[in-house]
Amino acid sequence: MATVTCKICKNKIDKENAYHRVHITSGGNKQNEYYCSESEYLKREEEKRFYKECQYLLDTLFNETIVDNTRNKKLSELHKAGYSYEMIYNCIDDNRAKIENALVIKRDDFDGKNGMYMKLAYVFGIIKNEISKYEHETIDKKINSDTLDPSEVYHTTRKVKQEKRSLIDIIKGGSNGK
């Protein structure tokens, strides 16, 4: 049996068991694409759609088409940090008023040669701050609505640094109970 490689996860799979799509390239040639399953392909297409929606939403917030590649790099950074494009889109959409107000208030600071880059850096700073809050709120909503299985929730523990002691505290026996 012939084996093919999944375009997404790069796993080797039987050609008969693979989900097959024919892609027409920009040159007009037909190219076969293979995936592990149809659901994997559909999930990838959904991510692509939300990526384009994020781009369009940012264009509308800036009231112009952004040709600076910084927007795409910043979106990819957030995605690589573990956020889905759907979550990024929802975060931008929910904080639209906050971003628009920030762009109006800081309008004079964004003039000049690097104005678009500075605007993008400022807006993505807002998004990075808000998306962590947004992520925790969506998890809390899922937990409260009982749609999330308790096994899907994980709790992290963080080691808290002890307060540094001065030389006087060490001589006296320590104020931290040591």
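**Before you start**

Residues are numbered from 1 along each chain as its sequence is written, side-chain values use heavy atoms, and hydrogens and water are left out. Because the model is predicted, local features need pLDDT of at least 70 and side-chain atom pairs count only at pLDDT 80 or more, while totals for chains, interfaces and linings use all residues.

**Stop 1: the whole chain**

Show the cartoon. There are 6 helices and 4 strands. Helices (H or I, at least four residues) and strands (E, at least two) are DSSP runs, numbered from the N terminus. Along the sequence the order is β-β-β-β-α-α-α-α-α-α.

Now colour by accessibility. Buried means under 20% relative accessible area, exposed over 50%, and partly exposed in between (1.4 Å probe, protein chains only). Of the 178 residues, 25% count as buried. The protein exposes about 13,200 Å², with areas taken from the Shrake-Rupley method with a 1.4 Å probe, where for residues only the protein chains shown count as cover. Carbon and sulfur atoms supply 48% of that surface.

Contacts come next, meaning heavy atoms within 4.5 Å. Among contacts between residues at least 6 apart in sequence, 51% join residues at least 24 apart.

**Stop 2: strand β4**

Select residues 30-35, which form β4. Start with Gln31. Gln31 counts as partly exposed because its relative accessibility is 38%. Gln31 touches Arg21, Val22, His23 and Thr25, not counting residues up to four places away in sequence. Draw a distance from Gln31 to Arg21: their C-alpha atoms are separated by 8.4 Å, at 10 residues apart along the chain.

Step to Asn32, also placed in β4. Asn32 is partly exposed, at 46% relative accessibility. Leaving aside neighbours within four places in sequence, Asn32 is in contact with His20, Arg21 and Val22. The C-alpha atoms of Asn32 and His20 are 7.1 Å apart, for 12 residues along the chain.

**Stop 3: helix α1**

Select 38-62, the range of α1. This helix has 25 residues and reaches 36 Å from its first C-alpha to its last. That is close to the 36 Å expected at 1.5 Å a residue, where the expected span is 1.5 Å times one less than the number of residues. Just after α1, Asn63 takes a positive phi of about 60°.

Which residues of α1 are buried? They are Tyr41, Phe50, Cys54, Gln55, Leu57, Leu58, Asp59, Leu61 and Phe62. Zoom in on Gln55, which is buried at a relative accessible area of 15%. Beyond neighbours within four places in sequence, Gln55 is in contact with Arg71, Asn72 and Leu75.

**Stop 4: the nonpolar cores**

A nonpolar core is a set of buried Ala, Val, Leu, Ile, Met, Phe, Trp, Tyr and Cys residues joined through side-chain atoms within 4.5 Å. The largest has 25 residues. Show Leu58, Phe62, Ile88, Ile92, Ile99 and Ile127, those with the most contacts inside it. The elements giving two or more residues to this core are α1, α2 (70-80), α3 (85-94), α4 (96-105) and α5 (115-144).

Centre on Ile127. With residues up to four places away set aside, Ile127 touches Leu58, Leu78, Cys91, Ile92 and Ile99. Then move to a second, separate core of 7 residues, including Val4, Ile13, Tyr35 and Tyr41.

**Stop 5: salt bridges**

Side chains of opposite charge can pair when their charged atoms come close. A salt bridge here is a side-chain nitrogen of Lys or Arg within 4 Å of a carboxyl oxygen of Asp or Glu. The whole structure has 8 of them.

- Glu45 and Lys48: the closest N and O atoms are 3.4 Å apart. Both residues lie in α1, about one turn of the helix apart.
- Asp59 and Arg71: the closest N and O atoms are 2.7 Å apart. The pair joins α1 to α2. Asp59 is buried at 15% relative accessibility, and Arg71 is buried at 7%.
- Lys128 and Glu77: the closest N and O atoms are 3.7 Å apart. The pair links α5 to α2, 51 residues apart. Lys128 is partly exposed at 38%, and Glu77 is partly exposed at 42%.

**Stop 6: helix α6**

Finish at residues 167-172, helix α6. Is Ile171 buried or exposed? Ile171 is exposed, with a relative accessible area of 66%. Leu167, Ile170 and Ile171 make a nonpolar surface patch of about 350 Å². Patches are made of residues with over 30% relative accessible area and no salt bridge, with like charges joined within 9 Å and nonpolar side chains (Val, Leu, Ile, Met, Phe, Trp, Tyr) within 5 Å.
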